[in-house]
Amino acid sequence: MSTLTQRPFVFLDVDGPLIPFRSRPVAEGHPPGGRETGRHPDGDGGNPLLERLDPGDGRRLLALKCQLVWATSWMGDANEVVAPRLGLPELPVVGWPDTDDRIGPGLHWKTAPLVAWAAGRPFVWLDDELTEADRRWVARHHPVRALLHRVDPEVGLTSADFTRVERWLDDRGDDS
């Protein structure tokens, strides 16, 4: 299957985008932490920030025309702890190199490994630590379109973030 017919990846960071640094208001009828799904393990593993996960994010992520992939230092724990609380299935996980060799000044440590993992496929990267250095590097080293979208870590994913991603996924010609 060519890169033009494959669904783009959406690389997901957890801390900041899905678990915001500030508490979020809980939507009526949707208890925090996805408790209405009944799919997460009992207890929170001692992490009270898991209550900031919004199951609505999981529903909106599943509705995107993409292949979701964990791109987080949570690694496989994202499937064990985060995914059930968001109502997500088990997702592929990007493995990170053992070294923190940065390829360029100001470049995020995830940038080069994500481009390698994408292997020429279009992708969206949702993270709270993205900079212009990452965008420039990806534009020079990734042969197809990519959207590096910075999420405000104080509030996490918002409707505006989802709208931006949905528009990018729907517009096959916009490389911005």
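**View 1. In strand 4, L147 is the bridge partner of V124.** The chain passes from strand 3 through helix 4 (residues 132–141) to strand 4, and this β-α-β crossover is right-handed, a term that applies if, with the strands pointing away from the viewer, the path from the first strand over the helix to the second runs clockwise. The model is predicted, and local features need pLDDT of at least 70, side-chain atom pairs count only at pLDDT 80 or more, and totals for chains, interfaces and linings use all residues. Residues are numbered from 1 along each chain as its sequence is written, and side-chain values use heavy atoms, with hydrogens and water left out. Helices (H or I, at least four residues) and strands (E, at least two) are DSSP runs, numbered from the N terminus. Strand 3 and strand 4 (residues 146–150) pair in the parallel sense over five bridges, where pairing requires that DSSP finds at least two bridges between two strands. Strand 1 (residues 9–12) also runs parallel to strand 3, to which four bridges join it, and V10 stands opposite V124 of strand 3.

**View 2. Strand 3 is covered on both of its faces.** Because five of the five residues of strand 3 (residues 123–127) are buried, the strand is largely enclosed by the rest of the structure; buried means under 20% relative accessible area, exposed over 50%, and partly exposed in between (1.4 Å probe, protein chains only). F123, W125 and D127 lie on one side, while V124 and L126 lie on the other.

**View 3. Helix 4 has buried residues A133, D134, W137 and V138.** They cover an arc of only 125° around the axis, which puts them on the same side of helix 4; the arc is that of the directions from the helix axis to the C-beta atoms. An α-helix has 3.6 residues a turn, so residues three or four places apart point the same way. The buried residues of helix 4 pack against helix 3 (111–118), strand 3 and strand 4, whereas the face turned away from the buried side carries the exposed residues A139 and R140. At the N-terminal end, T131 caps helix 4, with a side-chain oxygen 3.3 Å from the backbone nitrogen of A133.

**View 4. Helix 1 and the loop that contains L64.** In helix 1, the residues P55, G56, D57, G58 and L61 are buried, and the buried residues of this helix pack against strand 1, strand 2, helix 2 and helix 5 (159–170). D54 caps the N-terminal end of helix 1, a side-chain oxygen lying 2.8 Å from the backbone nitrogen of G56. L64, in the loop between helix 1 (55–63) and strand 2 (67–70), counts as buried at 7% relative accessibility. Not counting residues up to four places away in sequence, L64 touches V165, E166 and L169, where contact means heavy atoms within 4.5 Å. The C-alpha atoms of L64 and D170 are separated by 9.5 Å, although these residues are 106 apart along the chain.

**View 5. Aromatic rings, with five aromatic pairs in the count.** The rings of W96 and W109 have their centres 5.0 Å apart and their planes at 75°, so this pair is edge-to-face; rings of Phe, Tyr and Trp (its six-membered ring) pair if their centres lie within 6.5 Å, with planes under 30 degrees apart counted as stacked, over 60 as edge-to-face and the rest as tilted. W96 is buried, with a relative accessible area of 14%, while W109 counts as partly exposed at 30%. F9, F11, W117 and F123 form one aromatic cluster.

Methods
A polar contact is a pair of N or O atoms within 3.5 Å; within protein, one must be able to donate a hydrogen and the other to accept it, and residues adjacent in sequence count only if both atoms are side-chain atoms.
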